[in-house]
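This briefing is intended for a reader meeting the structure for the first time. Please look over the sequence and the model before turning to the points below.

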Number of protein chains: 2
Amino acid sequence: MGRHREFDVEKALDAALCVFWRKGYEGASYADLTEATGVERPALYSAFGNKEALFRKALDRYYTHYLDYIPVALDLPTAREVAAHILYQAADLNTRYPDHTGCLGIHGVLAGSDDAEPVRQALIDARAAGEAQLRQRFERAKAEGDLPETADPEGLALFVLAILHGMAVQAKAGFSRERLERVIDQALSTWPTAS
Amino acid sequence: MGRHREFDVEKALDAALCVFWRKGYEGASYADLTEATGVERPALYSAFGNKEALFRKALDRYYTHYLDYIPVALDLPTAREVAAHILYQAADLNTRYPDHTGCLGIHGVLAGSDDAEPVRQALIDARAAGEAQLRQRFERAKAEGDLPETADPEGLALFVLAILHGMAVQAKAGFSRERLERVIDQALSTWPTAS
DNA sequence: CAGTTTTCATAATGATCGTTATAGTAACAA
DNA sequence: TTGTTACTATAACGATCATTATGAAAACTG
């Protein structure tokens, strides 16, 4: 069957993920990726395919290994707890690693050349999927009486996601976790109540 | 004194600004810039300097020609009016031009290669300047009794800017102005009142 | 052991990046 | 008109981009 791989694929993928997290899709070069992973270029191509495929695998890993608090949050009993848990966990994640602040899922959405359009669209789709999950959760909360009849589940979902995206930008601009949490406190200050 | 310039410098700068708006600093190539401006490369270098200088001039123009609603907003009588005016104007600007949605000032903050670090820092600084302006305005509002004693001017400024940044991301993801305004409505529903 | 297969490391591919040298042309001053 | 100046346009520069031939080394099977 031939020779075995010398490097750990999972570790290499995580290292590549961190590079993308810091520099975005187009900002990360193969020189960066080989240095961070300790793996030469042909080995990266052999293990992951081309750059776009590598990024998509890194994005998958990001959702399963770093955004794992989202499914946990969606199972919490009240809409407010769902929102608060997601927001505070995101603030922590956005500032946990000084070398790659912010959110990988957001960094590729904004700017880039036309070549990066497929990647940008993939990130937009992933963002929209998260929005749909949150909206459905808030619709359930309204049906359960956890949110008042006057509440707007979709508006709340859009609002929570706007805060998430805003925090990602602010974290990239160097905000501390404490400053992000002040944003959250303000956002949650008058969450609609069913009383 | 020699030959006169054939192209309109202001028009060329505005065309370049729109390219940066859509693709960010590194995503915009000189091929894009020459096509959009109708000006050959050496003429761009002669008129504006290198790419970084051109971007900085475009950023200046962005603030003076497109973010001109900010100084207007800061002069409104109440903090809530200030926030509402800025947010609604931003929602409009973020969705006004289908070819370049979102906010130029945000697109460069997030990801990019190490070469773009000076530009990223310039955008971060500009963002911080806006934050300071808004914080000072809210501090004044608190002193004037327009905001309650319990209000946190800096927290409110951070919050408003988070919404702005979040909307920029959402606009780039294709949100309509109506959807952005639902975010704003939710954000302003948490606004503290002096009563 | 030999034979096969896969990985590894070096280096080269064509394309595109930002930047400029060069040559030609148009508009000024004298 | 003549000389000079500053613009325009073509094309080339070295560097870097993502991608891949190439050949040597290593680990499996029989």
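The model is predicted. Chain A is built from ten helices and has zero strands, and its domain assignment gives domain 1 (1–61) and domain 2 (67–188). Chain B and chain A bury about 3500 Å² between them, and chain B can be laid on chain A by a turn of 180° with a shift of 0.1 Å along the axis.

**Overall form of chain A**

- Read from the N terminus, the elements of chain A follow the order α-α-α-α-α-α-α-α-α-α.
- The C-alpha atoms of chain A occupy a box of roughly 65 × 35 × 30 Å along the principal axes.
- The centres of domain 1 of chain A and domain 2 of chain A, taken over C-alpha atoms, lie 27 Å apart.

**Contact between the two domains of chain A**

- Twelve residues of domain 1 of chain A are in contact with 18 residues of domain 2 of chain A.
- The area buried between domain 1 of chain A and domain 2 of chain A is about 1300 Å², and carbon and sulfur atoms give 71% of this area.
- On the side of domain 1 of chain A, the residues that lose the most area to domain 2 of chain A are A:W21, A:E26 and A:L59, which together account for 50% of what that side buries.
- The side of domain 1 of chain A that touches domain 2 of chain A consists of eight nonpolar and four charged residues, with no polar residues.

**Contact between chain B and chain A**

- In this interface, 40 residues of chain B are in contact with 40 residues of chain A.
- Of the area buried between chain B and chain A, carbon and sulfur atoms give 61%.
- B:L110, B:R182 and B:Q186 supply 18% of the area that chain B buries against chain A, more than any other three residues.
- Twelve salt bridges are found across the interface of chain B and chain A. A salt bridge joins the side chains of B:D114 and A:R22, at 3.9 Å from N to O.
- Between chain B and chain A, 13 residue pairs are in polar contact, both residues being at pLDDT 80 or more.
- Among the helices of chain B that each supply at least two residues of the side touching chain A are helix 1 (9–27) and helix 8 (117–143). The largest share of that side, 14 residues, comes from helix 9 of chain B.
- The side of chain B that touches chain A divides into 18 nonpolar, twelve polar and ten charged residues.

**Relation of the two copies**

- Chain B, laid on chain A by the turn of 180°, gives an RMSD of 0.2 Å. This is the relation of a two-fold axis.
- B:T190 comes closest to the rotation axis of the residues of chain B, with its C-alpha at 1.7 Å.
- The copies meet through the same surface, because 100% of the interface residues of chain B are also interface residues in chain A.

Definitions and conventions:
Residues numbered from 1 in each chain as written. Chains lettered and ligands numbered in written order. Predicted model: local features only at pLDDT ≥ 70, side-chain atom pairs only at ≥ 80, totals over all residues. Heavy atoms only, no water. Domains from an automatic or database assignment. Contact = heavy atoms within 4.5 Å. Buried area = accessible area lost by both parts, 1.4 Å probe. Nonpolar A, V, L, I, M, F, W, Y, C, P; charged D, E, K, R; others polar. Salt bridge = Lys/Arg side-chain N within 4 Å of Asp/Glu carboxyl O. Polar contact = N/O pair within 3.5 Å; in protein donor to acceptor, adjacent residues only side chain to side chain. Helix = DSSP H or I, 4+ residues; strand = E, 2+ residues; numbered from the N terminus. Least-squares fit on C-alpha atoms with pLDDT ≥ 70 in both.
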